[in-house]
Amino acid sequence: MDDSRRLPTGAGAGAALRKLPPPALCGFLLLLALLFTVSYAVGAGAGPVAPGMHDPGTVSDGDDGEGDGTTHGGGGGHGG
């Protein structure tokens, strides 16, 4: 009875191959990473989405209507 429970001699290599993800999943993840990379590059090349937007910590040129020409941290929300 113990002989019927043993694996055939060639089954060790097949068991190792079954642990790999399917090629379609690998291809999909690669395509997804490529699309994110391309979309990031296009977005970085397009620039900000609205006039007057800039990175935090940069000094504005005073055209944003703030008056003193310095950046102000925090969001634009109003407390209540």
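How many of the 24 residues of H2 are buried?

## Burial along H2

In this predicted model, the number of buried residues among the 24 of H2 is 0, so the helix lies largely in the open. Helix H2 covers residues 23-46, and its span from the first C-alpha to the last is 35 Å, which is close to the 34 Å expected at 1.5 Å a residue. Just after H2 comes Gly 47, whose phi is positive at about 90 degrees.

## A nonpolar patch

Leu 25, Phe 28, Leu 29, Leu 32 and Phe 36 together make a nonpolar surface patch of about 490 Å². An α-helix has 3.6 residues a turn, so residues three or four places apart point the same way.

## The protein as a whole

The protein contains 2 helices and 0 strands, and of its 80 residues 4% are buried.

Note on methods. Residues numbered from 1 in each chain as written. Predicted model: local features only at pLDDT ≥ 70, side-chain atom pairs only at ≥ 80, totals over all residues. Heavy atoms only, no water. Patch = residues over 30% accessible without salt bridge, like charges linked within 9 Å, V, L, I, M, F, W, Y side chains within 5 Å. Areas by Shrake-Rupley, 256 points an atom, 1.4 Å probe, with all protein chains shown as cover. Salt bridge = Lys/Arg side-chain N within 4 Å of Asp/Glu carboxyl O. Helix = DSSP H or I, 4+ residues; strand = E, 2+ residues; numbered from the N terminus. Expected span 1.5 Å × (residues − 1). Buried < 20%, exposed > 50% of the residue type's maximum accessible area, 1.4 Å probe, protein only.
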